[in-house]
Amino acid sequence: MPDTPSDTFPVTQRSRIRRAHQRGSYVRDDVYAVIDASPLCHVGYVIDGEPYVTPTIHWREGDVLYWHGSAASRFLESVVGARACVTCSLMDGYVMARSAFNHSVNYRSAMAFGVAELVDDPNHAADALRRFVENLFPGRWDSLRPMTGQELKATSVLQMTIEEATVKVRDAPPGDPQEADVPVWAGVIPMVTRLGAPVPAPELPKETPFPEELARLIASGRLR
């Protein structure tokens, strides 16, 4: 069954995939899958006619992306009310072909467009930060020292409704099977990013138990 318009983002001159379009998609669930799996995003924006890209941690609720940073950040101050491009990318492997020209990478990459807005209501911002922590580490927020008013004041939360978005994925062997007679090894070298064994803070009392929720997260193989 074909996707209905509500299942996909609109295709515009800004978001249209022009190269290797067979790897691309405008389907919301395809875009969300990469955004939600990526532990980091990069926010692109313009200050005084100059381009900047800032890495940060993000979270998504429906079509809305959130990220946070210092309230004193020039980046956050400049991007509020401006158009922004948020990208999330994951590398899954090196693709080794029989020629340098045909080498490639397997990857997942999503690009989202919209207008960044400041979450200026303190209660909304505090709740957004709570949901952020809970999304990453279920059950952790209630175990933490409560956030102070000064900490909340020093933290800005931004949100961006995704107006347009695309995703591209390559998950394939080398694209040169016609050169199988060339005596060179060809294939894919997987690249895996995973959570490792926890390292306790130096001053942590030895009797402090490691939370079961975090143990489950590490065992799941997910990054978030």
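Q: Where does T56 sit?
A: T56 is in strand β3, residues 50-56; strands here are DSSP runs of E, at least two residues long, numbered from the N terminus. By the way, this is a predicted model, where local features need pLDDT of at least 70, side-chain atom pairs count only at pLDDT 80 or more, and totals for chains, interfaces and linings use all residues. Residues are numbered from 1 along each chain as its sequence is written, and side-chain values use heavy atoms, leaving out hydrogens and water.

Q: Is T56 buried or exposed?
A: Buried, because its relative accessible area is 11% and the cut-off for buried is under 20% (1.4 Å probe, protein chains only).

Q: What does T56 touch?
A: Leaving out residues up to four places away in sequence, T56 touches L40, C41, V43, W67 and H68, with contact meaning heavy atoms within 4.5 Å. For H68, the backbone oxygen lies 3.4 Å from a polar atom of the T56 side chain.

Q: How do β2 and β3 pair?
A: Antiparallel, over 7 bridges, with β2 covering residues 41-47; pairing takes at least two DSSP bridges.

Conventions. Helix = DSSP H or I, 4+ residues; strand = E, 2+ residues; numbered from the N terminus. Buried < 20%, exposed > 50% of the residue type's maximum accessible area, 1.4 Å probe, protein only. Polar contact = N/O pair within 3.5 Å; in protein donor to acceptor, adjacent residues only side chain to side chain.
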